[in-house]
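Student: I would like a close look at the inside of this protein. Please start with the sulfur-bearing residues, then move on to the core.

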Amino acid sequence: MDKTMIISPSILSCDHANIESEAHKIQSSDADWVHIDVMDGMFVPNMTFGLPIVKAFKKHTSKMLDVHLMIATPDQYAEHYIKSGAGMLTFHQEACTHIHRLIGHIKELGALCGIALNPATSLSTLEEIICDVDMVLLMTVNPGFGGQKFIQNSYSKISRCKEMILRRGSKALIEVDGGVDDTNAYALGEAGVDVLVSGSYLFGAEDFNLNVRKIKWPKKVSEV
Ligand code: DX5
Ligand code: ZN
């Protein structure tokens, strides 16, 4: 596989006491985007950060901010996150009643739009909006925490999502989030994934950029 993955390091696992240097670490690496997990303690059983952290990364990096809203009322906050610097704004299908309306709202505000599905959520709703979104985020762990184990039966869902995208002529990217490392990056690319989110594997590494490279060009690096 010669594919180059889009790599989106999840700052959930970065050193929050040194945001500026962590932003520079990403900026000077081969990573493509910055993944920012916003959790509200309601949609998921954890709380993280909000608008000030998005603004801080916007100030210290030119990489696209890939904001993953794990909040109960994404329609209420979309505009604030886009105005704070989100280039891609992803909300959860499970948290939104008027999905078509929110997609239109995000696009009108000039951002790319992603829709996220928890591991147990069926792909079926996507049929109606797959040509309207820029990305589908398939959770490969239950959302809320970094460092969890990748759910192995995600591969079938990824393949079925890819099949739907091709069948409907959609340009949506597939992003996966949770438990991504150099043991599964290659297989994920083969299954149809375009964007890898990775937190603990990248920020826990001695050499951040070596690990970025290992999952960005999985075959080439693992063969060395
Ligand atoms: C989990 C978050 C992820 C998390 C991934 O709810 O959405 O972005 O940071 O962390 P790892 O890569 O450690 O599983
Ligand atoms: Zn995430």
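Tutor: First, a term: a residue is buried under 20% relative accessible area, exposed over 50% and partly exposed in between, using a 1.4 Å probe on protein chains only. This is a predicted model, where local features need pLDDT of at least 70, side-chain atom pairs count only at pLDDT 80 or more, and totals for chains, interfaces and linings use all residues. Residues are numbered from 1 along each chain as its sequence is written, chains are lettered from A and ligands numbered from 1 in the order written, and side-chain values use heavy atoms, without hydrogens or water.

Now the cysteines. Cys113 is buried, at 0% relative accessible area. A disulfide is a covalent bond between the sulfur atoms of two cysteines. Here the rule is a pair of cysteine sulfur atoms within 2.5 Å. The closest cysteine sulfur to that of Cys113 belongs to Cys96, 9.2 Å away, so the gap is too far for a bond. Cys161 is in no disulfide either; its nearest cysteine sulfur, in Cys131, is 12 Å away. Cys161 is also buried, with 0% relative accessibility. The disulfide count is 0.

Next, the core. A nonpolar core joins buried Ala, Val, Leu, Ile, Met, Phe, Trp, Tyr and Cys residues through side-chain atoms within 4.5 Å. The largest one has 61 residues. Ile11, Ile36, Phe57, Val67, Leu126 and Leu196 touch the most other members. Take Val67. Leaving out residues up to four places away in sequence, Val67 touches Ile36, Val38, Val54, Tyr81, Ala86, Met88, Leu89 and Thr90, where contact means heavy atoms within 4.5 Å. A second, separate core has 5 residues, including Met39, Val44, Met70 and Ala95.
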